[in-house]
Structures are given as structure tokens and as C-alpha cells.
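User: I am new to this structure and would like a close look at a single part of it. Please take your time and connect the details for me.

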Amino acid sequence: CTIMGAGKNNTLITSTTATVFVTADSLYQSGLGVIGTNSATLPTSIAVGYMGFSTTGGTSPVASVDSASDVLFKAVSFSAASGASRAVEITNSYDTATNITFENCSFNGSATGVGATGTAIGVRVKDSVFTNLSTAGIAVGNYITGLVSENNYFDTTVSAGITGLTGNNY
């Protein structure tokens with residue numbers, strides 16, 4: 001699946017309270033206890049580029065990548081409401097999220113830019129910008145194994161560029 005816009009500042013999808021981008025399985029199911037059920041195929045081979053996602057209120061992340069594999073976000077802006085705990089959430093309601101890549105993206109406004117609430121293997125963040133985040137650019141915790149962070153910019157409003165690096169998750 002490929003979703004392409006006309007540029008970060010030209011194609012913008014906004015919600016006042018809810019998550020804007022959510023991965024779904026082959027039966028269009030998403031979320032805990034639903035995604036991957038009824039013999040559905042999990043989300044895979046997804047490319048999203050040259051657009052922006054934003055929320056203007058609420059506490060939901062701008063994007064949720066759940067149980068997906070081989071996902072590429074290229075030149076995408078993620079602007080979350082200040083009450084959101086993370087701009088992008090990576091989780092595993094059904095299965096481990098694998099090979100999630102962010103290239104030339106921007107993350108703004110929430111506590112954390114990219115954070116996981118479920119197991120993820122192979123997360124790559126490259127040439128991206130993190131601004132106006134109250135906690136961290138990337139929160140690894142006990143969830144992300146195989147993080148690659150390359151040539152990213154974390155502005156002075158970000159308390160820590162990357163948090164939670166322990167064991168073999170970097």
C-alpha cells in the first residue's frame with residue numbers, strides 16, 4: 001500500500017481528537033483484540049510519504065503502527081497535541097512490529113516523538129527533526145530492539161534525544 005502526498009506542508013490530514021493514521025489488517029480491522037483476527041493478513045509493505053498528519057486536541061498519538069511489518073514513512077510530519085504522550089506509537093496488539101523506518105520526518109508537540117507500547121524489532125530513524133517534545137525524541141523502553149538513529153536533530157526543547165537504551169536494543 002502506498003500513500004503519497006504533495007509535500008509535508010501541502011498535504012495535511014488533521015483530526016481534532018483522534019489518531020489520524022492507523023495500520024489495519026486485510027479485513028480493515030485495527031486495535032487490541034481485533035487486528036489479525038478472522039484469518040486476516042497483518043499489515044505489511046506500507047509506504048507513506050510527502051504529507052503531514054496532525055492532531056489539534058486530545059491525548060491520542062497522531063499515528064499508530066500496530067503489528068505491521070516493512071513500513072516506510074518518508075518526508076512525513078507528525079504534529080501532536082500537547083496532551084499526547086507520543087506523536088507516533090508503535091505497538092503489537094497481535095504480533096511484533098518489524099522494520100519500521102522514518103526518513104526525513106519531523107515530530108512535534110507531544111511528550112515523545114516515537115515511542116513503543118509493544119514489541120518492535122528493527123526501527124530506523126534517519127535524517128529527522130524532533131522539536132517541542134517535553135520528554136524524548138525516541139523512547140525505546142523495553143520494547144524496541146534494533147534501533148538505528150542516524151543524523152537526526154533534537155532541538156533544545158527535547159529533554160533527551162533517546163531514552164531507555166539498555167541491553168541489546170541499540
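Is Ser69 buried or exposed, and what is its relative accessible area?

Analyst: Because this is a predicted model, local features are described only at pLDDT of at least 70 and side-chain atom pairs only at pLDDT 80 or more, while totals for chains, interfaces and linings use all residues. Residues are numbered from 1 along each chain as its sequence is written, and side-chain values use heavy atoms, with hydrogens and water left out.

Ser69 is buried, with a relative accessible area of 19%, where buried means under 20% relative accessible area, exposed means over 50%, and partly exposed lies in between (1.4 Å probe, protein chains only). This serine belongs to strand E6, which covers residues 69–79; strands (E, at least two residues) are DSSP runs numbered from the N terminus.

Setting aside residues up to four places away in sequence, Ser69 touches Pro43, Thr44, Ser45, Thr98 and Asn99, a contact being heavy atoms within 4.5 Å. With one of these, Thr44, the side chain of Ser69 also makes a side-chain to side-chain polar contact at 2.8 Å. A polar contact is a pair of N or O atoms within 3.5 Å; within protein, one must be able to donate a hydrogen and the other to accept it, and residues adjacent in sequence count only if both atoms are side-chain atoms.

Strand E4 spans residues 44–55, and Tyr50 is found in strand E4. Tyr50 has a positive phi of about 55° although it is not a glycine, and Tyr50 is partly exposed, at 37% relative accessible area.

Technical notes
Helix = DSSP H or I, 4+ residues; strand = E, 2+ residues; numbered from the N terminus.
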